Amino acid sequence: MSVKKKPLVVVTRKLPDSIETRMRELFDARLNLDDTPMTPEQIADAARTADVLVPTVTDMISEAILKDPDCKLRMIANFGNGVDNIDVTAAHARGITVTNTPKVLTEDTADMTMALILAVPRRLIEGSTILTEGKNWEGWSPTWMLGHRIGGKRLGIVGMGRIGQAVARRARAFGLQIHYHNRRPVAPVIAEELGATYWESLDQMLARMDIISVNCPHTPATYHLLSARRLKLIRKEAYIVNTARGEVIDEDTLIKLIEAGDIGGAALDVYEHEPAVNPKLVRLAKAGKVTLLPHMGSATIEGRVEMGEKVIINIRTFLDNHKPPDRVLPSML
């Protein structure tokens with residue numbers, strides 16, 4: 001009796017041990033144990049040999065890779081919520097199924113967003129470095145390291161999906177007034193729960209907010225959604241928090257406006273040319289003008305394990321000739 005051959009699944013980065021172990025049990029899994037990022041050439045080679053590719057958000061699966069006559073892929077099971085790293089249209093045209101891992105990172109990302117909303121006005125990073133970098137601290141003073149309270153301030157959320165709504169729930173508990181811009185208004189019951197004010201015009205909302213939180217995905221339609229023109233609408237005392245994607249903001253213009261004092265500051269977890277971080281942003285961070293984190297908004301053990309479990313479910317469902325629960329189609333983008 002012949003044994004059915006397991007499908008070859010290539011995983012581009014190291015995943016939680018429990019997930020890698022389960023993949024080895026279920027598939028002919030080729031793992032990346034030392035977590036060295038694969039080069040574009042290595043990804044292209046994997047596409048020529050694997051049945052299923054499991055990339056992460058930093059692995060670019062281009063049209064050229066997918067149009068290669070020798071591309072053998074039947075499925076791309078993305079380890080991540082966003083799929084802007086994959087040419088979904090080219091994959092669909094080739095008959096390659098694409099899936100992602102939605103709904104598991106909402107609370108983790110919202111937690112980090114709220115942390116950054118607090119960090120900028122209360123100068124948390126500046127205060128911490130006083131103690132960790134050997135600076136002189138002479139003790140408490142009534143006028144030293146003064147920040148701003150956030151209660152009563154207006155928070156403008158750009159993108160009121162699952163994460164935007166989770167941010168709004170946290171922010172409302174801190175006394176912030178909730179405003180938002182989205183392609184369409186949220187359901188009335190949600191708007192009432194959050195006390196949220198909808199702005200059809202992003203321009204008008206930006207000009208009136210104290211804090212702006214970017215929580216929309218990166219798509220062709222949202223590239224530089226906060227353009228140079230729109231950034232100039234923002235009040236001089238306001239600041240921007242971005243835990244979504246760096247490409248949504250015109251980063252060069254943001255830097256110039258903060259340097260000139262035309263925007264109060266920023267808290268960024270993502271960058272336009274990631275993993276490269278503009279040296280000017282680093283200088284602004286050292287000057288206490290911005291807070292920078294290395295793309296760790298969704299970095300929890302629980303979240304990563306849940307993502308891996310979703311990847312496995314999607315692959316198994318596909319291999320059983322059923323529709324994967326998290327399939328992504330070009331019409332959805």
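Predicted model: local features only at pLDDT ≥ 70, side-chain atom pairs only at ≥ 80, totals over all residues.
Biologist: What makes a residue of H5 count as buried, and which residues are they?

Modeller: A residue is called buried when its relative accessible area is under 20%, and in H5 that applies to Thr106, Asp108, Thr109, Ala110, Met112, Thr113, Met114, Leu116, Ile117 and Ala119.

Biologist: How do you know what span to expect for H5, and what does the helix reach?

Modeller: The expected span is 1.5 Å times one less than the number of residues; for the 14 residues of H5, numbered 106-119, that is 20 Å, and the helix reaches 20 Å from its first C-alpha to its last, so the value is close to the expected one.

Biologist: Why is a set of residues called a nonpolar core, and how many residues has the largest one here?

Modeller: The name applies because its members are buried residues of nonpolar kinds, such as Val, Leu and Ile, joined through side-chain atoms within 4.5 Å. The largest has 29 residues, and Val158, Val214, Leu226, Leu231, Ile234, Ile240 and Leu254 have the most contacts inside it. Helix H11 (251-259) is one of the elements that give two or more residues to this core, and H11 gives the most, with 4 residues.

Biologist: Which residues is leucine 226 in contact with, leaving aside its neighbours within four places in sequence?

Modeller: With heavy atoms within 4.5 Å as the test, leucine 226 is in contact with Val158, Leu202, Val214, Leu231, Ile240, Val248, Ile249 and Asp250. Apart from this core lies another, of 27 residues, among them Val120, Ala171, Ala191 and Ala267.

Methods
Residues numbered from 1 in each chain as written. Heavy atoms only, no water. Buried < 20%, exposed > 50% of the residue type's maximum accessible area, 1.4 Å probe, protein only.
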